[in-house]
Amino acid sequence: MKSDLFASENLAQAPTAPGMELQNAKSVKYTVNGEMLARQGAMIAFRGNLQFERKGQGIGGMLKRAVTGEGLALMSVRGQGEAWFAHQAGNCFIVEMEQGDALTINGRNVLCFDPTLSYEIKMVKGAGMTGGGLFNSVFTGYGKIALVCDGNPIIIPVTAQAPVYVDTDAVVGWSAHLETGLHRSQSVGSMIRGGSGEAVQLMLRGEGFVIVRPSEVTEAAAAH
């Protein structure tokens, strides 16, 4: 059988080493030799001897998720084999973290990660209980994490002299050591998020970066 469908870039190759790699721009392949962690519902295929288990967040984590609609429902994948992950045809990116790094990521943008990374849901300091989506996932340690984003993300440097203000629905993540706060502005309400009246943005100050998606979260996307 012949077709462009069977082009080499579309074929799943034999694994060469444990861990994650991009299968293509829209999916991540993880060669499992032991254990890894992934967002529930993100696995699209697997082969080999793998077992799957839902992982709870603990009472505190579940409470935060219920209050905010955020959080990260996880599953562990154990054994030897390969698994492929994707989410709503979003663009996938792999971030390699080193010891001492700390990255804050919105739970809806996490795809899968190495078990050597520590994960905790934390409330965004200075944001209070308003605005929505203000409990994020903080990753520390060393290893790789795969992120998914609608479109190509925008990476904006943050400096002490130039804080950055981001729509809370558009923010993907930021350097975890940045100072955060909530910024309200009446004057730009009709320009940001296409609304009217008071607009609320997440303020980020310090030295680091913020990752922004080039689209807002739709109600359908937020529910998944």
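**Exercise 1.** Determine how Asp 150, which is partly exposed with a relative accessible area of 30%, is paired and where its partner lies.

*Solution.* The accessibility classes are buried (under 20% relative accessible area), partly exposed (in between) and exposed (over 50%), with a 1.4 Å probe and protein chains only. The structure is a predicted model in which local features need pLDDT of at least 70 and side-chain atom pairs count only at pLDDT 80 or more, while totals for chains, interfaces and linings use all residues. Residues are numbered from 1 along each chain as its sequence is written, and side-chain values use heavy atoms, with hydrogens and water left out.

Step 1. A salt bridge requires a side-chain nitrogen of Lys or Arg within 4 Å of a carboxyl oxygen of Asp or Glu. Asp 150 meets this with Arg 213, the closest N and O atoms being 2.8 Å apart.

Step 2. Asp 150 sits in the loop between β10 (143-149) and β11, and Arg 213 in the loop between β16 (208-212) and α2 (219-222), 63 residues apart. Strands are DSSP runs of E (at least two residues) and helices runs of H or I (at least four), numbered from the N terminus.

Step 3. Arg 213 has 7% relative accessibility and therefore counts as buried.

**Exercise 2.** Characterise the salt bridge between Glu 82 and Lys 29.

*Solution.* Step 1. The closest N and O atoms of Glu 82 and Lys 29 are 3.0 Å apart.

Step 2. Glu 82 belongs to strand β4 (residues 74-85) and Lys 29 to strand β2 (residues 27-39), so the pair ties together parts 53 residues apart in sequence.

Step 3. Both Glu 82 and Lys 29 are buried.

Step 4. Lys 29, Arg 47 and Glu 82 are linked in a salt-bridge network.
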